[in-house]
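I opened my notebook to look up a few things in this structure. Come and read along with me.

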Amino acid sequence: MLLLLLSHTAVLLIVVAQHNLTPFGTATQSSTYRGGIAQNAIKPPVSNMFSYGNCSHTGKTKTPAWWMFQFSIGIAYITDITIYYRESWSKRMDGFKLYVTNTSAIPPDGYLCYEDPDPGLPNITQTIPCNKLGRYVIYYDTTEEDSDGPIIELCYVAIIGCRKGFWGSNCEKVCSEYCTERHCYPGNGSCIFGCNTDYCLNNNCNKFTGICTDGCKERRTGDFCNKFSINTAETDDDEVTTRIGIFIGIFMGGVLLGILMTVFVCFVIRRKRQLPQKQSEK
């Protein structure tokens, strides 16, 4: 029972809302009707109340309609997406799909977070869990509404998560350098793609801490096996590099000092030989 509770808690930590990422990007859409531009959907107010200045509105065409958000911060880990659709027009949401992708291709070519099921009409306010890395969020609709074709009217969209490399309630913490590609879950900082096993014995490491669980490969030591052993002395890789640099510096300094001393001795000997000759000439 305790294990189940801990497991459930871990899942909750992963999907807890983190940070609205819509200030870090731009929105576009398939077409625009009467000033209902795509950017309206990522600006306040947080409401289903419709106006052309507050909500997005695609044109009345027979082609698929889409609304797309692109991150300006590169890639982000998205935990949840909250949608406020136009009040009293849930029938225009019918059959919509929500994607997280790494390209702007239409039809979307990426991870399908959600597809509105049949039968019945969807709720105009929804929070959809996604838990996916991506560069784009795409709301996509191919369902025709009467004779107007597919239409999208989003009044507010919040995209919750953290940009790559960060986690925490405000995305203020840095992911461990031992996470592969430094990707970690926004909720608890555990590694998304696993941890760096380059120096871990049996390539095993703890995805939460990055510690090598089975020990280290030959000539490696430390919790993360990031230390290099020379004559049983435990030394960080950076420290080894520093020591080698110091040794080379001392060696080169000694060589230079030897050259200078040789030149000085030669100069003194030459001066001593020249001094008797000058005195005899006088």
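My entries below cover one asparagine, the nonpolar cores and some ring pairs.

**Before starting.** I am working with a predicted model, where local features need pLDDT of at least 70, side-chain atom pairs count only at pLDDT 80 or more, and totals for chains, interfaces and linings use all residues. Residues are numbered from 1 along each chain as its sequence is written, and side-chain values use heavy atoms, with hydrogens and water left out.

**Entry one: Asn-40.** I found Asn-40 in the loop between strand S1 (25-29) and strand S2 (65-71); strands are DSSP runs of E, at least two residues, numbered from the N terminus. Is Asn-40 buried or exposed? Its relative accessibility is 4%, so Asn-40 counts as buried (under 20% relative accessible area, with exposed over 50% and partly exposed in between, using a 1.4 Å probe and protein chains only). A polar atom of its side chain lies 3.0 Å from the backbone oxygen of Tyr-52.

**Entry two: the cores.** I looked up nonpolar cores, which are sets of buried Ala, Val, Leu, Ile, Met, Phe, Trp, Tyr and Cys residues joined through side-chain atoms within 4.5 Å. The largest has 27 residues, and Trp-67, Tyr-139 and Leu-154 touch the most other members. Strand S3 gives this core its largest share, five residues. Another core, of ten residues, lies apart from it and includes Cys-179 and Cys-184.

I counted eight aromatic pairs (Phe, Tyr or six-membered Trp rings with centres within 6.5 Å; planes under 30 degrees apart are stacked, over 60 edge-to-face, the rest tilted). Tyr-77 and Tyr-185 are edge-to-face, because their planes stand at 85 degrees, with centres 5.4 Å apart. Both are buried.

Terms used
Helices (H or I, at least four residues) and strands (E, at least two) are DSSP runs, numbered from the N terminus. A polar contact is a pair of N or O atoms within 3.5 Å; within protein, one must be able to donate a hydrogen and the other to accept it, and residues adjacent in sequence count only if both atoms are side-chain atoms.
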